[in-house]
Amino acid sequence: MSVPGPALFFIVLILLTPLRLHAETLTQRIVTVDSNATEILIALGLGQKIVAADVTSQSLLSSDVPNLGYHRALSAEGILDNNPDWVVGSDHMGPEETLSLLKKAPLRLVQLNSPKNLTELKANITALGQLLGREQEATSLVTRVDQLGKQLSAVGDKQQNIIFLLDLGDRGLSQAGSGTTADALITLLGGHNLGQFSGYKSVSVEALLSISPDVILLGQRSDSEADIERILQRQPLLINTPAGRKDNIIGVNAGKLIAGISLGALDEALAISEQLTP
């Protein structure tokens, strides 16, 4: 089974067993170490094939699936102990020593690029569907993503000035700039990210008052929607921003933004967009 040329632009494939082997014999045991990939695998009907996963995927799976830890600090021994036929991860998985050992093992390693937009998400879906013998399911899922993308573009007040803040508790607030999944989320919403810098940086509420955001998206380091009331108790000045006065301070599940634009991030964008619709 081969992958068409365009898909290779978005996916890095390291294939260590013959390409022509029947897909069903290769998908008996899957290890997934990327929550974005895990969401796709589940949507393709392969959730029951997953025998171990990284910490970011645990909330998506049953409690008896072994936790392999952080995707950047994986143990080759921990992965191989689960006797996988496939290991599906991202371009951020590591360390390099672990990857080197996996490349020598009798399995197939797939490293997906972390999607920055819906086009790249759909490319990952298509490529995984072809590799794992789920072409029909992948086609249906791509159609669903297209429909949700159209739905997203049809609602909401576009071109608003938006910021994404990560609440760090006693350490204050961190603002998302370019190159982050939060920035890609803002683009999906049709907004303008006021964070004109790369990555994340600490920010004071006084600085936020000076840039006058129309919308504030608030996330926490957890796999649940941010507790807006509790954050505002610690940061009451946020109410004095245009976003606060318009009641446009919206809680976001930051856990859905860990692995790029994912199926979960798309759902999160739709929920936010609906809240912003007059």
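## Helix α12 and its surroundings

The buried residues of α12 pack against α3 (35-43), α6 (118-131), α7 (135-154), α8 (181-188), β10 (215-220) and β11 (249-251). Contact here means heavy atoms within 4.5 Å. Helices (H or I, at least four residues) and strands (E, at least two) are DSSP runs, numbered from the N terminus. This is a predicted model, where local features need pLDDT of at least 70, side-chain atom pairs count only at pLDDT 80 or more, and totals for chains, interfaces and linings use all residues. Residues are numbered from 1 along each chain as its sequence is written, and side-chain values use heavy atoms, with hydrogens and water left out.

Ten of the 14 residues of α12 are buried, so the helix is largely enclosed by the rest of the structure. Buried means under 20% relative accessible area, exposed means over 50%, and partly exposed lies in between (1.4 Å probe, protein chains only). The buried residues of α12 are L263, G264, A265, L266, E268, A269, L270, I272, S273 and L276. The length of α12 (residues 263-276) agrees with expectation: at 1.5 Å a residue it should span 20 Å, and its end C-alpha atoms are 20 Å apart. The expected span is 1.5 Å times one less than the number of residues.

## L128 in helix α6

L128 is found in helix α6. It counts as buried because its relative accessible area is 0%. Leaving aside neighbours within four places in sequence, L128 is in contact with I40, L41, L44, V88, V110 and L112. L128 and L44 are 84 residues apart in sequence, yet 8.9 Å apart in space, C-alpha to C-alpha.

## Salt bridges

A salt bridge is a side-chain nitrogen of Lys or Arg within 4 Å of a carboxyl oxygen of Asp or Glu. By this rule the count comes to six. One of them joins the side chains of R144 and D267 (3.9 Å, N to O). This pair links distant parts of the chain: R144 is in helix α7 and D267 in helix α12, 123 residues apart. R144 is partly exposed, at 36% relative accessibility. D267 is also partly exposed, at 37%.

R234 forms another salt bridge with D167, the closest N and O atoms being 2.5 Å apart. R234 is partly exposed at 33%, while D167 is buried at 6%.

## The largest pocket

A pocket is found on a 1 Å grid over the protein atoms alone: it is an open set of points with protein on both sides within 12 Å along at least five of seven lines. A cavity is a set of points where a 1.4 Å probe fits but cannot get out, and lining residues have an atom within 4 Å of a point. Grid points are joined across faces, edges and corners, and a volume is the space filled by probe spheres set on the points.

About 960 Å³ of space lies in the largest pocket. Its lining has 43 residues, of which T181, L257, I258, A259 and G260 lie nearest the centre. α3, β6 (161-167) and α8 each give two or more residues to this lining. α8 gives the most, with four.

## The largest cavity

The largest cavity has a volume of about 40 Å³. Its lining includes D34, N36, A37, I40 and A259. α3 gives the most to this lining, with three residues.
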